Amino acid sequence: MTVGDITPNKEKGSGRSKHVADEKAPLLPKQQDEDAVHDEFSGASFIGAVFNLSTTIVGAGIMALPATMKVLGLILGIALIIFMAFLTDASIEFLIRFSKAGKTTSYGGLMGDAFGKYGKIMLQICILVNNIGVLIVYMIIIGDVLSGTSSSGVHHAGVLEGWFGQHWWNGRTFVLLISTIGIFSPLACFKRIDSLRFSSALSVALAVAFLVIILAIAIFKLISGTVVMPRLLPDVTDLTSFWKLFTVFPVLVTAFICHYNVHNIANELKDTTQIGAVVRTSLASCSIVYIMTSFFGFLLFGDATLGDVLANFDTDLGIPHSYLFNDAVRVSYAAHLMLVFPIVFYPLRINIDGLFFPSASPLPQSTTRFAFITSGLLILIFLGANFIPSIWVAFQFTGATAAVCLGFIFPAAVTLRDRHVISRKDRMLAIVMIVLSVFSNMVLVYGNAISLLKNQ
């Protein structure tokens, strides 16, 4: 069984030959409908696929983007967001093109086709590390927003604590337990990613709501004359400020990572030839949200913009009903992450299954295995978010490294390998992706190491 491939293993020889000979073959081979789980499923819609891929893209990283404007200035910052969107589109196009050439329907299958069994295993491990880390971080943020945190030595009250005071039922562990049982578990039990299209649509709507709130506050402060025009270019005065410019690269490089879900979404499309348009529509939509959030977030807070702009909404905004707006932003953001959770969880479960049960039947066909992996992962993520104090630091190193491998290094490596000799002209772009990714990781690891040493 290939990772993320829910196509039955047995194919009739004549049908396969006919598919290969068909000049109108889709970008990704259309899966057969022999699986009983999918008998009544006629295929996902274009808009549902766009919502699911957009939700995969817009996670927690959106909150770090306004701070990149503070470092780079508006012109360079917006230009780099657009550049990374185009680079992400190119890397996903590599995946789609080589998947078609190798007749594979999964990211793991593509890596296996290019680099053999160990390439596939490396991909699975990276998805395991990246997605478990991301989901634990999401749960930590949800706990911080709703129940508060004292991790920095100073207690910051959560929304529930601010509304009702301190009680056992709005404590961090209990709130996350109820969220896991009542929200994460039901959403994680869907066997098709298209079943999450409605929760994904709501997740995108909440991200837009966050943007609208920032826009409304910024316009109010512009009219009242309390907003200073933000810096257009970076402020480079010495060598230290010059090197500081590169600290934002990891944020921008990982802002559009969604590659681990492309094949899952493509496999369920009613018309798999639409996957290219789905990717471009999602990237364009998310780029607009990113640019506007970055612009108005930096416009609103200026040089006081924090690394996580959500922290700026823990203070008086200088407008009427400030704390009402603060709570609206924080609650909508926590709800957004709750709905992003199952989209990131879906490929994690399939890749765990492919890593530990490579010869088993497709996961949706085995209710026992499906339930065992789902419940085991949810318990692991819950424990990680509640009882492992150093988990955030660990995933600052490993998570970002795995993310750039999934987004750029692996697609570029497949292109350079060019097993089917179809992409000689893209070698230079593939090299640029690898160099940029390695540089981004070096900057991130160096920055995190320096921060750890200073805190000791």
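**Helix 14 against helix 15**

Author: Helix 14 and helix 15 are oblique to each other. This is a predicted model. Two packed helices are described by the angle between their axes and the distance between the axes. Here helix 14 covers residues 322-356 and helix 15 covers residues 367-387, and their axes cross at roughly 120 degrees. Angles of 65 to 115 degrees would count as roughly perpendicular and those over 145 as roughly antiparallel, so this pair is oblique. As for distance, the two axes come within 10 Å. The crossing of helix 14 with helix 15 is right-handed.

The residues in the contact can be listed from each side. Helix 14 supplies Phe341, Phe345, Leu348, Arg349, Ile352 and Asp353. Helix 15 answers with Arg369, Phe370, Ile373, Thr374, Leu377, Leu378 and Ile381. Sorted by class, they come to nine nonpolar, one polar and three charged residues.

In soluble globular proteins, nonpolar side chains tend to be buried together. The largest nonpolar core of this model has 127 residues, and Phe256, Tyr290, Phe313 and Phe410 have the most contacts inside it. Helix 14 gives the most to this core, with 15 residues.

Phe256 shows what such a position touches. Leaving aside residues up to four places away in sequence, its partners include Ile57, Leu283, Cys286, Ser287 and Tyr290. Others among them are Ile81, Met84, Ala85 and Thr88, which fall within helix 4, residues 74-102.

Helix 4 passes helix 5 in a left-handed crossing. Leu95, Phe98, Ser99 and Gly102 of helix 4 meet Tyr107, Leu110 and Asp113 of helix 5. By class these are four nonpolar, two polar and one charged.

Around these pairs is a protein of 17 helices and two strands. Of its 456 residues, 53% are buried. Among contacts between residues at least 6 apart in sequence, 82% join residues at least 24 apart.

How values were computed. Residues are numbered from 1 along each chain as its sequence is written. This is a predicted model: local features need pLDDT of at least 70, side-chain atom pairs count only at pLDDT 80 or more; totals for chains, interfaces and linings use all residues. Side-chain values use heavy atoms; hydrogens and water are left out. Axes are lines fitted to C-alpha atoms, for helices over the stretch in contact, and angles run from 0 to 180 degrees between N-to-C directions. Helices (H or I, at least four residues) and strands (E, at least two) are DSSP runs, numbered from the N terminus. Angles under 35 degrees count as roughly parallel, over 145 as roughly antiparallel, 65 to 115 as roughly perpendicular and the rest as oblique. A crossing is left-handed if the near helix is turned anticlockwise from the far one by less than a right angle, and right-handed if clockwise. Contact means heavy atoms within 4.5 Å. Ala, Val, Leu, Ile, Met, Phe, Trp, Tyr, Cys and Pro count as nonpolar, Asp, Glu, Lys and Arg as charged, and the others, Gly among them, as polar. A nonpolar core is a set of buried Ala, Val, Leu, Ile, Met, Phe, Trp, Tyr and Cys residues joined through side-chain atoms within 4.5 Å. Buried means under 20% relative accessible area, exposed over 50%, partly exposed in between (1.4 Å probe, protein chains only).
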